[in-house]
Amino acid sequence: MNTVTLQETQALQAAGTAPVVEAIVTATYRLLLIPLSQLRPSSRNVRQSGGASIPELASSIARVGLLQNLTVTASSDGDHYEVVAGKRRLAALKLLAKRHKIDKAHDVPCLLVPDASARTVSLTENVQREAMHPGEQFEAFAALVAEGRPIEDIAADFGVTPLVVQRRLKLANVSPRLLADYRVDTVTLDQLMALAITDDHMAQEAAFYDVPEWRRNPQALREHLTEREIDATRDALARFVGIKAYEAAGGGVRRDLFSDDSRGVFLTDAALLEALARDKLAATAETARLDGWAWVEAVPRITSAELHGFQRARRERRTPNKLEAKRIAKLQARQQAIDDRLNGDDAEDMAEEETSALYEENDKLGAEIEAIEQTLLVFAPEALAMAGVIVTVDHAGEIAIHRGLLREADAKALRTQEGQDKQNRGGAEGEAQTPALPRISEKLARRLSAHRTAALQAEVARHPQVALVAVVHRLALRVVINGYGSGDSVININASPQDGLDAYAPDVAQSPAAVQMREARQAWAERLPEDPAALFAALLALPQGELLSLLAVCVAVTVGVVTPREDAMPAAALARAVGLDMHAWWTPTVEGYFSHVSKAKTIEAVQVFAPEQAARLLKLKKNELASEAGRLAVGTGWLPMMLRAPVPEAQAVPGAGHADDAQEEDTPVADVAE
């Protein structure tokens with residue numbers, strides 16, 4: 001097709017019948033300058049799509065002009081021309097006229113073709129064109145910047161935002177080797193965008209070429225390149241300190257230009273982040289120190305296992321003073337009056353607004369009573385003299401204070417002292433029997449442990465070294481030590497896949513862990529031959545790193561830790577080795593947990609993650625209670641006992657309770673013997 005600019009068309013028309021016109025314009029095709037008002041779209045334009053980005057194209061035409069003529073045929077009315085090729089350009093020009101950027105009489109360069117050729121010309125222009133490869137576009141943008149063109153000007157020239165230009169420049173800066181593979185379609189654009197999170201070409205190439213193909217998805221590539229950095233949107237400490245404060249202190253930040261939301265921010269200085277968090281916790285720690293505790297520590301990060309290493313000093317309810325007792329009585333009397341009103345004979349006749357107001361008032365009363373009751377729970381002076389406080393940051397990025405923590409030696413000393421005091425009192429006061437804690441059913445225990453199995457499988461698949469150790473451990477027990485039936489039996493060396501977990505947990509198939517395992521197995525299944533002899537040869541040809549990755553997946557599928565016991569913790573050593581954190585794999589929901597436990601067990605959990613709501617929830621029916629508990633548990637990081645991190649054997653203290661200040665129930669430490 002002939003393509004001419006406005007200036008060329010003007011020059012040709014000025015030349016009249018000069019030979020140059022005859023050389024370019026044939027008898028059937030004529031180059032004309034046609035006023036914009038005389039142009040209209042043609043129904044014979046073969047392209048029906050492609051009407052997007054008109055404002056951007058208009059901005060580009062306004063800055064650099066119309067670079068390609070329109071193709072038209074004469075209209076039957078004799079006053080107009082119909083555009084058979086160039087519908088987007090025509091729309092952009094009319095938009096400029098509407099915005100008064102150009103006049104309606106603006107001359108537009110057009111190629112007039114015979115009416116009989118309209119569809120052929122339209123089809124030819126669209127079919128014969130060959131768009132430039134996106135990689136060439138990235139490099140062209142980089143060349144413009146190298147010439148000194150500001151990013152804002154480039155964005156305006158092409159009708160895009162500066163962010164689009166920055167993204168294309170970022171892609172142009174990817175390793176030449178990866179860009180070359182992108183041009184031949186062995187690297188996808190999504191993979192290229194993931195790799196562009198770093199400017200280090202060696203790191204980009206290692207992340208892509210040094211891993212198995214099934215680990216080259218964009219998310220895995222990003223995780224590989226940022227594994228030593230902190231995801232600011234997921235990390236509790238980053239939320240606590242704040243990105244602005246971290247940057248103001250000189251902390252390094254890596255931002256993913258291709259993230260369309262608030263995600264994609266990575267912090268590179270973990271030590272600075274912890275120091276800032278510790279400084280921010282200092283004021284709270286100082287306040288706690290004034291309460292008279294034996295010791296107070298500000299610890300930005302602390303694991304559940306580390307907290308389990310402490311025992312908890314008991315709190316006792318002191319007798320309320322006259323003012324407190326009077327206030328409690330008044331609140332309870334008002335609550336009783338509200339209950340009588342809501343359950344009275346005329347309750348059905350009350351307006352919905354009045355009913356809602358009474359329920360809301362009742363909730364506030366319950367919260368106030370609970371707040372007063374909390375102030376009545378105090379630690380004995382002898383406990384203050386031995387116990388301490390840890391001030392830390394919880395999973396939601398908020399300050400958490402764990403009071404009354406006892407180290408093993410202090411706990412023994414305190415028990416001895418309490419025993420002597422009891423003996424001195426002659427046992428006259430007696431000791432109240434501690435009520436048995438509510439337990440979950442065997443069915444729910446299997447359901448939760450099925451989710452733990454899926455998560456443990458996914459983690460083992462990501463840790464080839466641990467998988468290798470697990471296999472050697474099992475073989476050594478059977479072959480070297482002759483330990484039949486001893487040791488950790490969760491690795492089935494006969495390679496029996498433990499993938500029937502949906503029999504225990506119907507929702508496990510859609511869990512992140514199960515999805516990840518299916519994808520990993522499918523990736524290897526598509527890659528490996530089914531014939532045993534061919535498979536052996538293929539495995540011999542695999543690099544050791546890939547062979548270990550395959551081993552990890554195979555071992556992971558054999559892991560089975562389903563148990564009917566709530567207090568059981570199978571494979572605790574394996575879980576510690578792979579750093580299993582069930583917060584990443586399971587969240588408490590109504591269907592997944594609360595609808596399967598008793599009211600007492602639900603309230604026990606609520607006392608942990610929303611203690612101020614416990615009094616209100618006690619009055620609800622079981623279904624309502626489960627629904628409310630599920631809603632309140634969102635984002636708290638709470639886990640049932642059997643999904644919490646196993647306690648290291650060296651720190652396990654028989655009878656120790658939770659160290660979380662909110663976790664008042666004396667849940668025993670899980671048995672970690674293997």
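Q: Where is the place of D185?
A: D185 sits in the loop between α9 and α10. Helices here are DSSP runs of H or I with at least four residues, strands are runs of E with at least two, and both are numbered from the N terminus. Residues are numbered from 1 along each chain as its sequence is written, and side-chain values use heavy atoms, with hydrogens and water left out. This is a predicted model, in which local features need pLDDT of at least 70, side-chain atom pairs count only at pLDDT 80 or more, and totals for chains, interfaces and linings use all residues.

Q: Is D185 buried or exposed?
A: D185 is exposed, because its relative accessible area is 65%. Buried means under 20% relative accessible area, exposed means over 50%, and partly exposed is in between, with a 1.4 Å probe and protein chains only.

Q: What is the phi of D185?
A: The phi of D185 is positive, about 65 degrees, although D185 is not a glycine. Most residues other than glycine have a negative phi.

Q: Zooming out, how many helices and strands does the chain have?
A: The chain has 29 helices and 14 strands. Buried residues make up 40% of its 674 residues. Of the contacts between residues at least 6 apart in sequence, 73% join residues at least 24 apart.

Q: Pick a helix. What span should α15 have?
A: Helix α15 (residues 270-289) has 20 residues and should span 28 Å at 1.5 Å a residue; its end C-alpha atoms are 27 Å apart, which agrees. The expected span is 1.5 Å times one less than the number of residues.

Q: Where is the kink in α15 centred?
A: The kink, of about 40 degrees, is centred on A282. The bend at a residue is the angle between axes fitted to the seven residues ending there and the seven starting there.

Q: Which residues of α15 are buried?
A: Buried residues in α15 are L272, L273, A277, L281, A285 and A288. An α-helix has 3.6 residues a turn, so residues three or four places apart point the same way.

Q: Now sheets. What is the order of the open sheet of four strands?
A: The order is β9-β13-β14-β10, with mixed pairing. The edge strands are β9 (295-298) and β10 (311-312), each pairing on one side only. Two strands pair if DSSP finds at least two bridges between them.

Q: How many bridges join β9 to β13?
A: Four bridges join β9 to β13 (residues 388-393), and these strands run parallel. V296 has V389 as its bridge partner in β13.

Q: What about β13 and β14, how many bridges there?
A: Five bridges join β13 to β14, which run antiparallel. The two form a hairpin with five residues between them, and G397 in the turn has a positive phi of about 85 degrees. V393 stands opposite I399 in β14.

Q: And which strands form the open sheet of three?
A: That sheet has the order β6-β8-β7, with antiparallel pairing. Its edge strands are β6 (230-231) and β7 (253-255). Two bridges join β6 to β8 (residues 265-267), and the bridge partner of D231 in β8 is F266.

Definitions and conventions:
Contact = heavy atoms within 4.5 Å.
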